[in-house]
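Try each task before reading its solution.

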Amino acid sequence: MNQAVKASYQFDASQTPGQMLRGLREHAGVELEVLAAALKVPPQKIDALEQDNLTSLPAYFARGLAANICRYLEADPPPVRGQRPDGKPRTGTDKESTK
């Protein structure tokens, strides 16, 4: 992506993460299949991510793929990653386990 295109794209915090990623990809003029080939993932995975269909993707994969899409399109990943569920397992603390 050239610098003029990169500089002109702004993430909209009111959008879902999938909408942000699709908007970024479309703004860059990159077809889904081209992006999938470049990242070596099936297009269905990127499509699921863009549709916020996280039930079909493990959380760690969704976070990593979102970050890789942003890097490939030369965008800053934190705005998108900040909208994603962290997917980390919740662990109890000693205090909680004594209740």
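**Exercise 1: the whole chain**

Buried residues (under 20% relative accessible area, with a 1.4 Å probe and protein chains only) make up 29% of the 99 residues in the chain. This is a predicted model, where local features need pLDDT of at least 70, side-chain atom pairs count only at pLDDT 80 or more, and totals for chains, interfaces and linings use all residues. Residues are numbered from 1 along each chain as its sequence is written, and side-chain values use heavy atoms, leaving out hydrogens and water.

Task: find how many helices and strands the chain has.

Solution: Count DSSP runs, taking H or I of at least four residues as helices and E of at least two as strands. The chain has seven helices and zero strands.

**Exercise 2: a helix pair**

Task: describe how H2 and H4 pack.

Solution: 
1. Start with the axes, lines fitted to C-alpha atoms over the stretch in contact, with angles from 0 to 180 degrees between N-to-C directions. Helix H2 (residues 17-28) and helix H4 (residues 43-50) have axes 7 Å apart, at an angle of about 120°.
2. H2 is therefore oblique to H4, since angles under 35 degrees count as roughly parallel, over 145 as roughly antiparallel, 65 to 115 as roughly perpendicular and the rest as oblique.
3. Now look for contacts (heavy atoms within 4.5 Å). From H2, Gly18, Gln19, Leu21, Arg22 and Arg25 meet Asp47, Leu49 and Glu50 of H4.

Key. Buried < 20%, exposed > 50% of the residue type's maximum accessible area, 1.4 Å probe, protein only.
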